[in-house]
Amino acid sequence: MWQGIQAISDYKPSHSTPTATNVFFLNELNDFYACFERDNKETATKIASSTDHSPFTLTSSDVYTALSRINARKAAGPDGIPGRVLRACAEQLAGVFTDIFNMSLAQAAVPACFKSTSIVPVPKHSSPTCLNDYRPVALTPIIIKCFERLVLTHLKDSLQSSLDPIQFAYRGNRSTEDAVSIALHSVLTHLDSTNTYARMLFVDFSSAFNTVLP
């Protein structure tokens with residue numbers, strides 16, 4: 001019966017990740033993930049804002065809406081605050097986080113506690129053999145994700161008119177299937193005419209996040 005349920009539900013056994021007892025492997029994995037940042041010699045500089053600069057501000061209703069839409073099943077970040085707590089206490093916390101978010105926007109600085117991240121190595125294959133076979137999944141505090149979502153909404157509203165109409169990445173209600181459909185429709189419509197041809201270039205970035213300097 002268990003084999004039948006596995007077949008019906010397409011069950012895949014979870015891959016075990018290295019335990020904390022293997023300190024040598026964890027240190028080696030940590031050095032591998034931090035190699036790009038270690039080689040980066042540029043220091044972060046803060047650009048001074050002009051006197052007429054007025055950052056946008058968030059309202060308590062905006063923050064309340066973002067907190068109430070938190071997925072309670074999402075894993076918590078290094079702060080250990082689960083999403084179900086933030087969602088259940090959205091009404092009580094909205095005012096507090098509104099002040100924190102607006103102060104962050106006014107000072108153009110993000111609190112250090114919001115920038116901490118827990119890195120979880122997830123195997124890309126069933127039998128990983130090298131460090132590149134692990135995908136680093138970053139777990140950030142859930143509250144900073146709400147903040148980022150609010151800022152992203154503002155940026156999208158400001159950039160909507162300048163975005164390319166056939167851009168599908170980072171756009172709402174658009175997917176890879178939409179991009180493929182548009183590409184096929186454009187090519188096939190063009191090929192309906194006589195004596196025409198089409199050239200297409202496909203680029204596959206393999207392990208891009210492990211090989212490209214952020």
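Rings of Phe, Tyr and Trp (its six-membered ring) count as a pair if their centres lie within 6.5 Å. This is a predicted model. By that rule, ring pairs join Phe97, Phe101 and Phe147 into a cluster.

**Aromatic pairs**

The whole structure holds 3 aromatic pairs. Two of them are set out here.

| Pair | Centre to centre | Angle between planes | Type |
|---|---|---|---|
| Phe25 and Tyr134 | 5.6 Å | 65 degrees | edge-to-face |
| Phe101 and Phe147 | 4.4 Å | 0 degrees | stacked |

Phe25 lies in helix H2 (residues 23–33), and Tyr134 lies in strand E2 (residues 134–139). They are 109 residues apart, so this pair links distant parts of the chain. Phe25 and Tyr134 are both buried.

The rings of Phe101 and Phe147 are stacked, because their planes stand at 0 degrees. Phe101 sits in helix H6 and Phe147 in helix H7, 46 residues apart. This pair, too, links distant parts of the chain. Phe101 is buried, at 1% relative accessible area. Phe147 is also buried, at 5%.

**Helix H4**

Which residues of helix H4 are buried? They are Val63, Ala66 and Leu67, in a helix that spans residues 60–68. They cover an arc of only 95 degrees around the axis, so they lie on the same side of H4. These buried residues pack against helix H5 (83–88), helix H6 (90–107) and helix H7 (142–159).

**A surface patch**

Met1, Trp2, Ile5 and Tyr11 form a nonpolar patch on the surface. Together they have about 520 Å² of accessible area. Trp2 belongs to helix H1 (residues 2–9). Trp2 counts as exposed because its relative accessible area is 52%, and the cut-off is over 50%.

Key: Residues are numbered from 1 along each chain as its sequence is written. This is a predicted model: local features need pLDDT of at least 70, side-chain atom pairs count only at pLDDT 80 or more; totals for chains, interfaces and linings use all residues. Side-chain values use heavy atoms; hydrogens and water are left out. Buried means under 20% relative accessible area, exposed over 50%, partly exposed in between (1.4 Å probe, protein chains only). Helices (H or I, at least four residues) and strands (E, at least two) are DSSP runs, numbered from the N terminus. The arc is that of the directions from the helix axis to the C-beta atoms. Contact means heavy atoms within 4.5 Å. Patches are made of residues with over 30% relative accessible area and no salt bridge: like charges are joined within 9 Å, nonpolar side chains (Val, Leu, Ile, Met, Phe, Trp, Tyr) within 5 Å. Accessible areas come from the Shrake-Rupley method with a 1.4 Å probe; for residues, only the protein chains shown count as cover. A salt bridge is a side-chain nitrogen of Lys or Arg within 4 Å of a carboxyl oxygen of Asp or Glu. Rings of Phe, Tyr and Trp (its six-membered ring) pair if their centres lie within 6.5 Å; planes under 30 degrees apart count as stacked, over 60 as edge-to-face and the rest as tilted.
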